[in-house]
Amino acid sequence: MNANERQKQLVRMLTQNQRRIFSYLYTLVPDRPAAEDLLQETCMVICEKFDEFQPETDFVAWACQIAYWEVRAARQKFSRSKVLFDDAVLEAVAKTAADMSPELNERHEALALCLEKLHPRDRELIITRYEPGGGVEAAARRTGRTVVAAYKALTRIRRLLADCVTLRLSANSIP
Amino acid sequence: MNLSDPERLELDELCSGLVDGTLSEPQRRRLEQLLAASSEARRIYVRTLALSASLFDYASEMQAEAPERTAQPANLVAVRRWWWAIGPLGAAAAIALAFWLGSVSKHGGGSESQPREVVAHLSGGKNCQWAGAALQPGAQLQSGQRIELAAGFAEISFDSGALLVLEGPASLDVSSAWEAVLRRGTLKASVPQEALGFRVSNAAVDVVDLGTEFSMVAEENGATEVFVLRGAVEAHPRAASDAAARPSLVLRESQARRFERNRVAEVRNREQKLQRFARKIALDRVLRPASFVHWPFDETAGDFAAVQVTGTSSADSNKPGTPVLPLPTRNERGENQGEGKVQETRPALPNPLLPFPGREGEARANATKYAARLAFAPLSTHATARAEGRWGRALNCDGQLTATALLPPFAQRNPLTVAFWIKVPPDASVAESEPILSGPLASNGDPVEFAWNRAPHQGAFGALRTSVGRGFIIGTTPLRDGQWHHVAVVFSHSLRGPQKMQIKQYVDGRLDRVSAKHFIKAKVKGLGGEPRVVLSGTETLAIGRRQNEQGTAGFRGAIDELFLLDRALSQKEIRILMQQNRLPTRDALAAN
């Protein structure tokens with residue numbers, strides 16, 4: 001494969017998998033801006049090291065390894081609110097997240113269908129909470145709830161979505 | 001260790017608190033304890049956090065926001081919220097770009113900036129230290145945004161083309177693409193011909209540029225000194241009352257004045273100050289790589305118009321065949337000093353997705369694959385299909401001749417620039433005002449059309465009109481005059497969200513004043529599929545006619561040097577593209 005084809009492959013793989021890498025990072029650093037910064041730093045390293053990637057191996061697993069070391073390298077510059085856990089717990093969580101990567105991908109796909117099934121009012125709340133520039137207070141304001149009620153509703157809706165996703169996956173696994 | 005039911009409930013609550021930012025320190029310690037002890041807890045935790053990560057992703061794709069109610073003038077007719085009526089999300093399984101259709105908003109010759117519209121960007125700097133949150137190189141700046149520079153130099157490029165270099169400590173309000181307020185500190189303004197009329201004001205003086213380079217120093221006590229380095233400016237002293245009003249004065253090269261509350265005075269040490277301001281500051285500039293397709297239309301015969309598919313790199317390569325590595329760009333953040341918070345974070349999508357320049361053979365294959373194919377109607381002849389162009393030859397559409405080109409793959413909702421030269425006969429009829437270009441550049445495949453406006457009740461007749469679905473924006477410069485005009489339309493992300501796009505039209509390198517807009521904003525609706533829609537390389541661009549209306553009578557006029565670029569060009573880059581028919585290098589940008 002020549003350099004040009006490798007570049008195309010790199011772009012394709014990054015484009016296809018950046019969401020999964022972000023998801024992994026967010027699990028380790030549950031702060032959106034910090035996780036996005038780390039995603040960009042990870043992408044830079046992926047670009048630099050792409051020659052080392054073996055095409056027949058798992059790109060996401062390889063990228064997540066890079067992401068993990070980016071988190072480790074960056075943790076000293078974050079406050080405790082960004083990287084929550086000590087190294088041992090961080091490593092255990094990272095391993096769990098890496099092992100669960102295929103399942104998490106399936107859950108992501110199933111979530112789209114579960115979101116469609118939500119009551120429009122709930123859907124508006126959750127989307128407003130998670131959209132760029134959104135947040136719990138914005139979601140509360142938009143949907144005419146108090147902030148406390150919005151927190152409660154968000155917890156309930158996330159639980160609903162998680163149950164729906166689990167149900168869908170278990171239904172799919174029945175032969 | 002398996003979790004008990006109460007522990008599962010507790011973990012659920014802790015995870016919720018974590019994603020919503022309400023976790024206390026004791027709760028954090030408890031969460032850490034559970035995760036350290038139980039693999040089941042870790043699996044639940046990972047699923048919960050991944051759910052939130054997925055929701056961030058889907059929420060970026062969906063429309064859940066009600067239309068803005070505040071920014072609309074009182075005479076607006078009721079906004080048609082048809083997108084809401086069809087069901088907030090369920091009906092839109094595919095990504096769809098919806099425009100908010102309000103009444104036509106007319107803009108006069110004044111400022112056209114909308115609330116929170118991006119009107120400038122941080123294009124360079126040297127040793128910048130910010131008072132408050134730092135601005136990243138390349139950061140977009142919105143109307144109303146205050147820039148607080150503690151030390152160093154910051155270069156701000158306005159969409160009009162005006163360039164301000166701010167020297168810290170300084171405070172500047174970005175008012176619009178055509179205006180800024182220097183609250184305190186020193187600036188140097190370089191205003192190209194296209195931005196003539198650019199204004200810098202403060203409590204002491206209004207300085208209106210007449211094509212020039214000038215410096216301004218605003219002191220803490222309100223007194224302001226103005227120095228003209230080149231060209232001329234018109235200075236209007238501000239007065240506390242009508243009685244104290246003083247006449248405007250025109251300052252020419254090497255002249256300077258000091259504007260105080262109740263008087264205009266000579267400047268002390270004028271020569272030394274002029275010399276200091278005339279010094280060039282070597283700034284570090286941001287130059288992002290771009291990939292583009294270019295149809296030069298230089299063929300003299302045949303039914304084929306070759307294309308060049310290539311790009312420039314941040315290392316200044318502007319040669320075909322030079323590899324371009326699409327590194328993800330850093331986050332661009334609009335920092336509002338007043339509110340002190342980050343307003344928007346861009347997604348980290350590797351941006352340029354057009355085919356990369358490669359080996360000689362591949363470049364040749366692309367040149368054939370994405371070439372425009374000309375379609376001759378029975379009444380049109382090959383003899384008139386080519387004309388003298390602005391650069392070499394041009395495609396001459398006679399109202400019958402049309403062309404179709406395969407679009408290379410690219411990310412649809414990323415910033416984009418479409419640029420071309422156009423010559424429309426002064427006697428072109430309304431029936432001959434079909435789109436100059438039309439292509440599925442919007443995310444739902446809605447054609448984006450570029451035409452001259454034939455509806456005088458909607459906006460300036462004969463001016464550039466960019467339509468997306470049912471929305472449109474109309475400029476003011478007449479195109480229907482038999483002269484060559486350079487047109488560039490820039491689609492860029494709004495600071496209100498990456499899925500909301502801004503459209504800016506440039507004619508002859510100048511930001512064209514908007515005579516009418518018929519959409520307020522665009523947002524993405526939809527659910528499912530890949531989050532970033534990338535054209536597959538099977539979509540086509542129609543030249544001289546509407547998309548999907550093969551064979552209909554089309555546009556009459558000549559078109560030349562069509563570029564489709566995968567990022568939003570600045571005014572300066574557009575001007576250089578217009579003048580040199582190629583993308584600028586870093587050196588060209590620094591020199592211009």
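What is the hand of the crossing of H6(A) and H7(A)?

Tutor: This is a predicted model, and in it H6(A) and H7(A) form a right-handed crossing. The two partners are helix H6, which covers residues 120–130 of chain A, and helix H7, which covers residues 136–143 of chain A. They pack at an angle of about 145 degrees, and their axes are 8 Å apart.

The side of H6(A) that faces its partner is made up of Arg121(A), Glu124(A), Leu125(A), Thr128(A) and Arg129(A). Sorted by class, the contact consists of four nonpolar, two polar and four charged residues.

The buried residues are Arg123(A), Glu124(A), Leu125(A), Ile126(A), Ile127(A), Thr128(A), Arg129(A) and Tyr130(A).

Helix H1 (residues 3–28) and helix H2 (residues 32–49) of chain A have axes that come within 10 Å of each other and cross at roughly 140 degrees. H1(A) and H2(A) are therefore oblique to each other. Here, too, the crossing is right-handed, with H1(A) passing H2(A). On the H1(A) side, the residues that take part are Leu10(A), Leu14(A), Gln18(A), Ile21(A), Phe22(A), Leu25(A) and Tyr26(A). On the H2(A) side, they are Ala35(A), Leu38(A), Leu39(A), Thr42(A), Cys43(A), Ile46(A) and Cys47(A). The contact of H1(A) with H2(A) holds twelve nonpolar and two polar residues, with no charged ones. For H6(A) with H7(A), by contrast, four charged residues take part.

Let us turn to chain B. Its secondary structure comprises eight helices and 37 strands. Chain B has 592 residues, of which 53% count as buried. Of its contacts between residues at least 6 apart in sequence, 64% join residues at least 24 apart.

Two buried positions in chain B illustrate such surroundings. Val226(B) is placed in strand S11, residues 224–230, and it counts as buried because it has 24 C-beta neighbours inside 10 Å. Beyond four places in sequence, the residues that Val226(B) touches include Val205(B), Val207(B), Phe214(B), Met216(B), Leu251(B) and Phe259(B). Leu274(B) is 48 residues away from Val226(B) along the chain, and their C-alpha atoms are separated by 10.0 Å. Arg575(B) lies in helix H7 of chain B, residues 571–580. Arg575(B) is buried, since 23 other C-beta atoms lie within 10 Å. Apart from residues within four places in sequence, its contacts are Gly161(B), Pro192(B), Glu194(B) and Gly509(B).

Most residues other than glycine have a negative phi, and most peptide bonds are trans. Gly168(B) and Pro169(B), however, are joined by a cis peptide bond with omega of about 5 degrees, and Pro169(B) belongs to strand S6, residues 163–176. Asn127(B) has a positive phi, near 50 degrees, and sits in strand S3, residues 118–130. With 11 other C-beta atoms within 10 Å, Asn127(B) is exposed. Phe297(B) also has a positive phi, of about 55 degrees, in the loop between strands S17 and S18 of chain B. Phe297(B) counts as buried, because 30 C-beta neighbours lie inside 10 Å.

Finally, a word on confidence. The model scores ipTM 0.95 and pTM 0.56. Chain B has an average pLDDT of 74, and 68% of its residues score at least 70. Over residues 63–115 of chain B, pLDDT stays under 50, and the model has 103 contacts beyond four places in sequence for them. Residues 520–534 of chain B likewise stay under 50, with 65 such contacts in the model. Where pLDDT is low, the predicted coordinates should not be read in detail.

Note on methods:
Residues numbered from 1 in each chain as written. Chains lettered and ligands numbered in written order. Predicted model: local features only at pLDDT ≥ 70, side-chain atom pairs only at ≥ 80, totals over all residues. Helix = DSSP H or I, 4+ residues; strand = E, 2+ residues; numbered from the N terminus. Buried ≥ 20, exposed ≤ 12 C-beta atoms within 10 Å, placed from the backbone. Contact = placed C-beta atoms within 7 Å. pLDDT = per-residue confidence, 0-100. Axes fitted to C-alpha atoms, helices over the stretch in contact; angles between N-to-C directions. Parallel < 35°, antiparallel > 145°, perpendicular 65-115°, else oblique. Left-handed = near helix turned anticlockwise from the far one by under 90°. Nonpolar A, V, L, I, M, F, W, Y, C, P; charged D, E, K, R; others polar.
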